[in-house]
Amino acid sequence: MLRLILGRSGSGKTHWIRHKIKELAASGCQKILLLVPEQYSFETERALLQLLGESLFQTVQVTSFTRLSDFVFRQTGGLAGRRLD
């Protein structure tokens, strides 16, 4: 499921998302994917590890668009083509 969370700065979007992920992980959801901007992935992983603990954090995959597209290309063979230079 894709869910877009919209709101102004400081409205609690990040807090809501992190706690929703905690609810999903605690309820037994095994595959949680959080797509974040490139420069925000390490900070998000660190905050989720602190919030969830090691056991629940293992069910969450924090990824950037570049990492996600790289994974998809490797699974589908999309990286086999020639690149423009």
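A nonpolar core is taken here as a set of buried nonpolar residues (Ala, Val, Leu, Ile, Met, Phe, Trp, Tyr or Cys) joined through side-chain atoms within 4.5 Å. In this predicted model, the largest such core has 9 residues: Ile 21, Ala 25, Ile 32, Leu 34, Val 36, Leu 48, Leu 52, Val 60 and Val 62. Helices H1 and H2 each give two or more residues to the core, and so do strands S1 (32-35) and S2 (60-63).

Leu 34 is a handy place to look around. Setting aside neighbours within four places in sequence, Leu 34 touches Ile 17, Ile 21, Thr 44, Leu 48, Gln 61, Val 62 and Thr 63.

Now for the two helices. H1 (residues 13-26) and H2 (residues 41-57) have axes that come within 11 Å and cross at roughly 20°. Angles under 35 degrees count as roughly parallel, so H1 is roughly parallel to H2. The crossing itself is right-handed. On the H1 side, the contact is made by Arg 18, His 19, Ile 21, Lys 22, Ala 25 and Ala 26, while H2 brings in Thr 44, Ala 47, Leu 48, Leu 51, Leu 52 and Leu 56. Sorted by type, the residues of this contact come out as 8 nonpolar, 2 polar and 2 charged.

Ala 47 sits in helix H2. With a relative accessible area of 18%, Ala 47 is buried, the cut-off being under 20%. The C-alpha atoms of Ala 47 and Arg 18 are separated by 8.5 Å, though the two residues are 29 apart along the chain.

Conventions. Residues numbered from 1 in each chain as written. Predicted model: local features only at pLDDT ≥ 70, side-chain atom pairs only at ≥ 80, totals over all residues. Heavy atoms only, no water. Axes fitted to C-alpha atoms, helices over the stretch in contact; angles between N-to-C directions. Helix = DSSP H or I, 4+ residues; strand = E, 2+ residues; numbered from the N terminus. Parallel < 35°, antiparallel > 145°, perpendicular 65-115°, else oblique. Left-handed = near helix turned anticlockwise from the far one by under 90°. Contact = heavy atoms within 4.5 Å. Nonpolar A, V, L, I, M, F, W, Y, C, P; charged D, E, K, R; others polar. Buried < 20%, exposed > 50% of the residue type's maximum accessible area, 1.4 Å probe, protein only.
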